Amino acid sequence: MDKMPLKAKVYIGLTALLAAVALLNCLPGFYPEQGTIYGLLAFALLSMFSEYLDVMLPYIGMISVSYAIDLAMIICFGVPAAILASCAGYLGSCLLKIGKEKTPFEKILFNIAQFIINIFISGTVYYYIRASFPPENTYIILATALAALSYFVV
């Protein structure tokens with residue numbers, strides 16, 4: 001991180017600080033049930049492999065498809081559980097890549113902070129819309145679509 005420009009260090013630091021605020025906002029009331037833990041472990045493994053297996057895009061680089069798993073975790077388990085499982089999945093994918101490449105600490109910190117912020121905001125959008133409208137299928141689809149859109153925008 002010594003060779004990194006000051007603006008990049010500040011950006012990573014502010015992103016990590018914002019992620020810490022999001023965590024402090026949603027984790028205190030989180031107490032998973034035993035059945036939930038097994039589902040979270042399964043989703044964390046799915047997240048890990050989806051992060052590990054990058055999809056190459058021409059001219060742009062590569063992307064991950066873990067966003068779909070993150071959105072499914074938000075819907076099935078809620079925001080705090082989705083954050084924990086997604087971060088565990090990302091860290092697991094970093095461990096799988098140890099022999100192939102060394103991921104710098106600042107990249108790991110930034111990516112985890114970005115996952116936390118994305119899941120927190122898209123989960124907030126999802127649950128706000130679900131609470132604002134009657135529980136009909138149309139509104140669930142709207143809530144899911146807007147949560148996915150907010151995930152990509154952030």
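Me: Is V55 buried, partly exposed or exposed?
Reply: This is a predicted model, in which local features need pLDDT of at least 70 and side-chain atom pairs count only at pLDDT 80 or more, whereas totals for chains, interfaces and linings use all residues. Residues are numbered from 1 along each chain as its sequence is written, and side-chain values use heavy atoms, leaving out hydrogens and water. V55 is found in strand β1, residues 55–57 (strands are DSSP runs of E, at least two residues, and helices of H or I, at least four, numbered from the N terminus). Buried means under 20% relative accessible area, exposed over 50% and partly exposed in between, with a 1.4 Å probe and protein chains only, so V55, at 34%, counts as partly exposed.

Me: How far apart in space are V55 and T103?
Reply: V55 belongs to strand β1. In sequence, V55 and T103 are 48 residues apart, and their C-alpha to C-alpha distance in space is 18 Å.

Me: Is A22 buried or exposed?
Reply: A22 has its place in helix α1. P80 is 58 residues from A22 in sequence and 9.7 Å from A22 in space, C-alpha to C-alpha. Because its relative accessible area is 6%, A22 is buried.

Me: Is L17 buried or exposed?
Reply: L17 lies in helix α1, which spans residues 6–26. Because the relative accessible area of L17 is 53%, this residue is exposed.

Me: Which element gives the largest share of the lining of the largest pocket?
Reply: Of the 22 lining residues, those closest to the pocket centre are E51, I63, S64, N111 and F115. Two or more lining residues come from each of β2 (61–63), α3 (66–77), α4 (79–96), α5 (105–132) and α6 (137–153). The largest share, six residues, comes from α5.

Me: Is N111 buried or exposed?
Reply: N111 lies in helix α5 and is among the residues closest to the centre of the largest pocket. P80 is 31 residues away from N111 in sequence and 17 Å away in space, C-alpha to C-alpha. With a relative accessible area of 16%, N111 is buried.

Definitions and conventions. On a 1 Å grid over the protein atoms alone, a cavity is a set of points where a 1.4 Å probe fits but cannot get out, and a pocket is an open set with protein on both sides within 12 Å along at least five of seven lines; lining residues have an atom within 4 Å of a point.
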